[in-house]
Amino acid sequence: MTRLGSDLLTPQQWYRGMMVSLLQSFQLLGKVNYREWFNNHSDLPPIQCLTVVSLKSA
């Protein structure tokens, strides 16, 4: 997780990075358009986006 962290990242960038890492881990990165997903769910806070994606990927 430290490779995702940096003082220069915004919270949204950190959560997107976590989402990409999870999608890679579940071998779903090519099957899910995470940029489109984030744009379609821009009303949700980043932590909730990560939680929803984690639950759907499991």
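Is Trp14 buried, exposed or partly exposed? Trp14 counts as partly exposed, because its relative accessibility is 25% and the buried class ends under 20%. The model is predicted.

## Aromatic pairs

Two aromatic pairs occur in the structure. Trp14 and Tyr15 form an edge-to-face pair, because their ring planes stand at 90°, with centres 5.0 Å apart. Trp37 and Phe38 are also edge-to-face, because their planes stand at 90°; here the centres are 5.9 Å apart.

Trp37 and Phe38 are both buried. Phe38 has a further neighbour: Arg16 lies over its ring face, 4.4 Å from the ring centre.

## Helix H1

H1 covers residues 11–25. The helix has 15 residues and reaches 21 Å from first to last C-alpha, close to the 21 Å expected at 1.5 Å a residue. Its buried residues include Tyr15, Met18 and Met19. Val20, Ser21 and Leu23 are buried in H1 as well. Just after H1, Gln27 takes a positive phi of about 55°.

## Nonpolar core

The largest nonpolar core has ten residues. Among them are Tyr15, Leu23, Tyr34, Trp37, Phe38, Cys49 and Leu50. Helices H1, H2 (34–40) and H3 (46–57) each give two or more residues to this core. H1 provides the largest share, five residues. In soluble globular proteins, nonpolar side chains tend to be buried together.

## Thr51 in helix H3

Thr51 is found in H3. With 39% relative accessibility, Thr51 counts as partly exposed. Thr51 and Met19 are 32 residues apart in sequence, yet their C-alpha atoms are 9.2 Å apart in space.

Terms used. Residues are numbered from 1 along each chain as its sequence is written. This is a predicted model: local features need pLDDT of at least 70, side-chain atom pairs count only at pLDDT 80 or more; totals for chains, interfaces and linings use all residues. Side-chain values use heavy atoms; hydrogens and water are left out. A nonpolar core is a set of buried Ala, Val, Leu, Ile, Met, Phe, Trp, Tyr and Cys residues joined through side-chain atoms within 4.5 Å. Buried means under 20% relative accessible area, exposed over 50%, partly exposed in between (1.4 Å probe, protein chains only). Helices (H or I, at least four residues) and strands (E, at least two) are DSSP runs, numbered from the N terminus. The expected span of a helix is 1.5 Å times one less than its number of residues. Rings of Phe, Tyr and Trp (its six-membered ring) pair if their centres lie within 6.5 Å; planes under 30 degrees apart count as stacked, over 60 as edge-to-face and the rest as tilted. A charge sits over a ring if NZ of Lys or CZ of Arg is within 6 Å of the ring centre and within 35 degrees of the ring normal.
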